[in-house]
Amino acid sequence: MAIDSTVPARVMTSALEHPQGALGIGRLGTYSALGAAAAAIPIPILPGSLATRVRGALVHDVCGRHGLSVTPEARRILSKPGLAEGPEGVFGMALRFATTRIFSRLGPLTVLPPIRSALLTYAIGHLLSRYLDRRADRSVRVDVDEARRVRRAIEHAIGRILSTSAPEEDVGTPPEELRDPVTQATDGIIAAVASLPGTIVRRLEAAFDESLD
């Protein structure tokens, strides 16, 4: 039976009292890996649709953990290809297939399409959950208009990862320094590389919050 997304959803007290469950780094990481794997399959049409289905399942999972349902059209909007993967539709699928085949001939560049898909999948899951944690709307249904607003903010955040500043990570008061200069320098380089994912996520969150304001 078709769902009329134009009809306001009835507010249910039981759903409003549903605990806001975090998706978890491990679960979100698995979705991201599935998104990357879907983009790595060199079959026309299939990679885009498969990656979209992975993200659709992720959207349903995130909303469900917040006690919310999502209309089919809202799910499509939130899970569709975007800046990280290229245009939507048949042309977009053909373009992603072509670029995957081209990159496959260029050695290390083969990883680019899966990385783009993994980034988009992670951003959708993490930022949608972040939005729902602070959601003021008391409706128990995520509709088209709300999905469009969130998706625009996600695209904005991805496009401005490098240009958006984010608060520095609070590491507390440093302990007494007992390392020699060479060890300090080596540790500093390794720590900087290890902190890169966290820095990217904080920038992503800052750009997302800025777009929603």
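1. Arg65 counts as partly exposed because its relative accessibility is 26%; the label covers values between buried (under 20% relative accessible area) and exposed (over 50%), using a 1.4 Å probe and protein chains only. Asp61, at 11%, counts as buried.

2. A quick word on the source: this is a predicted model, where local features need pLDDT of at least 70, side-chain atom pairs count only at pLDDT 80 or more, and totals for chains, interfaces and linings use all residues. Residues are numbered from 1 along each chain as its sequence is written, and side-chain values use heavy atoms, with hydrogens and water left out.

3. Back to that pair: the side chains of Arg65 and Asp61 form a salt bridge, 2.9 Å from N to O. The term means a side-chain nitrogen of Lys or Arg within 4 Å of a carboxyl oxygen of Asp or Glu. Both residues sit in helix α3 (residues 46–65), 4 residues apart, about one turn of the helix; helices here are DSSP runs (H or I, at least four residues), numbered from the N terminus.

4. How many salt bridges does a search of the whole structure find? It finds 13. One of them joins Arg135 to Asp137 at 3.8 Å, N to O. Arg135 is buried at 14% relative accessibility, while Asp137 is partly exposed at 41%.

5. Arg179 and Glu177 also meet in a salt bridge, at 2.8 Å from N to O. Here Arg179 is partly exposed at 38%, and Glu177 is partly exposed at 39%. Elsewhere, salt bridges that share partners link Arg130, Arg134, Glu205 and Asp209 into one network.

Conventions. Helix = DSSP H or I, 4+ residues; strand = E, 2+ residues; numbered from the N terminus.
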